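Here is a short briefing on the packing and charge pairs of one protein. Please look over the sequence and the structure before reading on.

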Amino acid sequence: MSRSRTTHVVTQQDIADHCGVHITTVSMALRNHPRLRTETIERIQAVAKQLGYDPLYFDAARRLVLRRHGLDVANKVIGVIFPPGFLNATFFSRMYHGVVSVLTHAGYGALTFCVPFNILPSSQDNTLPFAISRGDVDGLIVFGSYRGLYPVCELLRRTAGFGDRPIVTLKTIVPGCSSVHVDDGKAAFQLTRHLLELGHRDILFMLYYGNPGHQELAPRILSTRNAMMAYGLDPEQHLHQIQTPLCWLDPNFPLHESGSTSLDPESTDRALLNYLDAHPEITAIQAVNDASARQIWHTLEQNGRQIPRDMSIVGFDDTDAVIDASGANQLTTVHVPLREMGEKSAQLMLDYLQGTDQAEQDIMLTGDLLLRHSTAPPLPHR
């Protein structure tokens, strides 16, 4: 059964007729145009409210007209890209909450896209989320690795619906984009110095699988080596490295996406234990993040090693706790200001869109070393 429309939609012409002015004057008054007198603006806006005028009803038509004339449309919507399951991982959810809090306060919406950061579209891929390619977002805030982000940013610049709109990257620096990241190198140096001051000399650095060349960990590895050399140690002899599966870094990460069935948790448990048995000189382990530190802790204790008596462990990010009987977190780690990273990225975006600052910026934040109870001097016989 069809139903006839009985509600009259108030138009700007209705307001003009009621006020006895031209429709152009109504349009200017509703936009607070400075050429009109204040009393004229107030009178027309009061009539519009009285008649029940809804500007959003005509917004789609207005946007269509602007696009037909090649003009930018202010959506007041920012695209945000995070990996799938990001709200279940503290590392990502803290950044996301920071982004959304700033955007919401400024009256902007966040249109979220969930894309695995290790398989973002390449520069040869001509497909992007439709909302991005058709121009429904004013800018993009994105988390991802450099090798995934760089070709995507190039693709965005060639896409008519996006073009030169601002991009802010989280954690990764990409040419042509603003970025917010943390001085991982400085934090890693502090962690390594802490272990060396306790008396540790042979340290196992846990890399993670699926990152050729370990570009993202390069600042940490370099700083760890530098800290060792500052203590007169040869990193080639005293810095050990093995790989961590992605499911140790993030329990939500699907195992099949790691690209190798040989790096499942059980085989990695065995590889870690076998490596430590073959290198009894190792007395401390630097994990990539707190989730992997917790898994390492569990693996070692399940096999008779006590933390920190038999092995010191440090994490990174301050996201996943190892709780003792009293409910206190025992894990020594680096606190990374994740929520602040999200807030800063959103503010950079707003500054650009609102004309406050349209220059590309790289904001580097610092992490703080948190000393807890997962580290101790190595046993004397070692």
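Which residue's side chain meets that of Arg305 in a salt bridge? Asp277 does, at 3.0 Å from N to O. The model is predicted.

**Salt bridges**
- A search of the whole structure finds 10 salt bridges.
- Arg305 is buried at 16% relative accessibility, whereas Asp277 is exposed at 54%.
- Asp320 and Arg294 also join through their side chains, at 3.4 Å from N to O.
- That pair ties together parts 26 residues apart in sequence, because Asp320 lies in the loop between strand 9 and strand 10 (333-335) and Arg294 lies in helix 13.
- Asp320 counts as buried, at 17%, and Arg294 as partly exposed, at 36%.
- Lys171 and Asp184 form a salt bridge of 3.8 Å, N to O.
- Lys171 is in the loop between strand 4 (167-170) and strand 5, and Asp184 is in helix 8 (residues 184-198), so this pair ties together parts 13 residues apart in sequence.
- Lys171 is partly exposed at 29%, while Asp184 is buried at 11%.
- Arg220 is linked with Lys171 and Asp184 in a network of salt bridges.

**Nonpolar cores**
- The largest nonpolar core holds 48 residues. Phe82, Phe92, Met95, Ile141, Leu170, Val180 and Met341 have the most contacts inside it.
- Helix 5 (residues 90-105) gives the most to this core, with 7 residues.
- A second, separate core has 20 residues, including Cys247, Trp248, Ala293 and Ile307.

**Strands 5 and 11**
- Strand 5 (residues 178-182) and strand 11 run parallel and are joined by 4 bridges.
- Val180 stands opposite Ile363 in strand 11.
- In strand 11 (residues 362-365), Ile363 and Leu365 make up the covered face, and Asp362 and Met364 the uncovered one.
- In a regular strand, side chains alternate between the two faces of the sheet.

**Cysteines**
- A search of the whole structure finds 0 disulfides.
- Cys153 is in no disulfide, and the nearest cysteine sulfur, that of Cys177, is 3.5 Å away. The cut-off for a disulfide is 2.5 Å between sulfur atoms.
- Cys153 is buried at 6% relative accessibility.
- Cys19 is buried too, with a relative accessible area of 11%.

How values were computed
Residues are numbered from 1 along each chain as its sequence is written. This is a predicted model: local features need pLDDT of at least 70, side-chain atom pairs count only at pLDDT 80 or more; totals for chains, interfaces and linings use all residues. Side-chain values use heavy atoms; hydrogens and water are left out. A nonpolar core is a set of buried Ala, Val, Leu, Ile, Met, Phe, Trp, Tyr and Cys residues joined through side-chain atoms within 4.5 Å. Buried means under 20% relative accessible area, exposed over 50%, partly exposed in between (1.4 Å probe, protein chains only). Helices (H or I, at least four residues) and strands (E, at least two) are DSSP runs, numbered from the N terminus. Two strands pair if DSSP finds at least two bridges between them. A salt bridge is a side-chain nitrogen of Lys or Arg within 4 Å of a carboxyl oxygen of Asp or Glu.
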